[in-house]
Amino acid sequence: MSGSITDVAGILVGHHHRIDADATLGNGWACGTTVVVAPPGTVGAVDCRGGAPGSRETDLLDPANSVRHVDAVVLTGGSAYGLAAADGVMTWLEERGRGVAMDGGVVPIVPAAVIFDLPVGGWGCRPTAEFGYAAAQAATTHVPTGNVGAGAGARAGVLKGGLGTASVTLPDIGVTVGAVVAVNPGGNVVDPATGLPWMASLSAEFGLTPPPADQVAAYAALDKKSGPLNTTIAVVATDAALSPAGCRRVAVAAQDGLAHAIRPAHTPLDGDTVFALATGAVRVPPHPKTPVAMSPETGVLTAVGAAAADCLARAVLVGVLAAESLAGIPTYRDMLPGAFPRRTET
């Protein structure tokens, strides 16, 4: 129903994680890395709205700077320590000749962002370069969700977070847009007053119904005990041909998906970061009525940006619904089972 970021042709996603089945909160492995491998010639950009980001190579993605193309993007757990995973992805890409060609070799361009998930697993249980290499090696068009990759130790407020993905095709312009996200916000994905997602349209799309009042009350009481975990990180991708500045505009628009699905979002304690990738496989001609003073990309950016925000909001809910309880952190289904109507047997 929701699709995957790999519906954008050429985009591959790989996960590597370690989870101890008997882990208790703060003791044991519950951390991982997700890598988005882009096809050659992919344009990249980034937008950061949180007050506490952890990132690597994001300044390089400023449209004013020299490097135009991105080889891969890393989403990882482990807080700033987890940025080491990008080293393994660079090694994997270098072995395949991917990167900026220089005298004597190549320099892969691998931006990265992290979530703060250390309190879920053990403080010393965090991704290394080996995690990044293994995730890149595992990259494929199949994208598992929930407690995988960067979503392994994620938490969505007081509920278990996870890794989610979604996509949409825009038939009017022949473009596909997708998103993948590690859902680890300090805010809530579920409205404590109703027990349903903040966006009513998501409740309808995922077949959720208002849960009983006692379940909503139990969740609302749990909500008051929210922990310190924070930061949601994501990649949105499209096959549209976009300039670096246009790609940045898509990343900006996609952040609205987080604001629609999570409340509050973009807080001083979140490092909400969204990367945008444009593979350039589909060239959309400018609308004939585009004013001369405006960029010819204006029309496609409006459509792709809106789709990226919608995809990201849906991917957030996919990640939360797919999550499984870990280290004593309950899931949405654990706390609000009444939101999932039982199907009548025929």
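**Aromatic and charged contacts**

Colleague: Which accessibility class holds for Trp-123 in this predicted model?

Modeller: The relative accessible area of Trp-123 is 48%. Buried requires under 20% and exposed over 50%. Trp-123 therefore counts as partly exposed.

Colleague: How many residues apart in sequence are the parts that Trp-29 and Phe-131 tie together?

Modeller: Trp-29 and Phe-131 form a stacked pair, with 5.6 Å centre to centre and 15 degrees between the planes. Trp-29 lies in the loop between strands S1 and S2, whereas Phe-131 belongs to helix H2. The pair thus ties together parts whose separation in sequence is 102 residues.

Colleague: Are Trp-29 and Phe-131 buried or exposed, and what geometry does the pair of Phe-116 and Trp-123 have?

Modeller: Trp-29 and Phe-131 are both buried. The ring centres of Phe-116 and Trp-123 are 6.0 Å apart, with the planes at 75 degrees. Planes over 60 degrees apart meet the criterion, so the geometry of the Phe-116 and Trp-123 pair is edge-to-face.

Colleague: Which residue joins Asp-47 and Arg-49 in a network of salt bridges?

Modeller: Asp-47 forms a salt bridge with Arg-49, the closest N and O atoms being 2.7 Å apart. Asp-47 is buried at 4% relative accessible area, while Arg-49 is partly exposed at 32%. The network that links Asp-47 and Arg-49 also includes Arg-248.

Colleague: Which helix holds Arg-314, the salt-bridge partner of Glu-205?

Modeller: The side chains of Glu-205 and Arg-314 meet at 3.0 Å, N to O. Glu-205 lies in helix H3, 109 residues from Arg-314. The helix that holds Arg-314 spans residues 298–322 and is H6.

Terms used:
Residues are numbered from 1 along each chain as its sequence is written. This is a predicted model: local features need pLDDT of at least 70, side-chain atom pairs count only at pLDDT 80 or more; totals for chains, interfaces and linings use all residues. Side-chain values use heavy atoms; hydrogens and water are left out. Rings of Phe, Tyr and Trp (its six-membered ring) pair if their centres lie within 6.5 Å; planes under 30 degrees apart count as stacked, over 60 as edge-to-face and the rest as tilted. Helices (H or I, at least four residues) and strands (E, at least two) are DSSP runs, numbered from the N terminus. Buried means under 20% relative accessible area, exposed over 50%, partly exposed in between (1.4 Å probe, protein chains only). A salt bridge is a side-chain nitrogen of Lys or Arg within 4 Å of a carboxyl oxygen of Asp or Glu.
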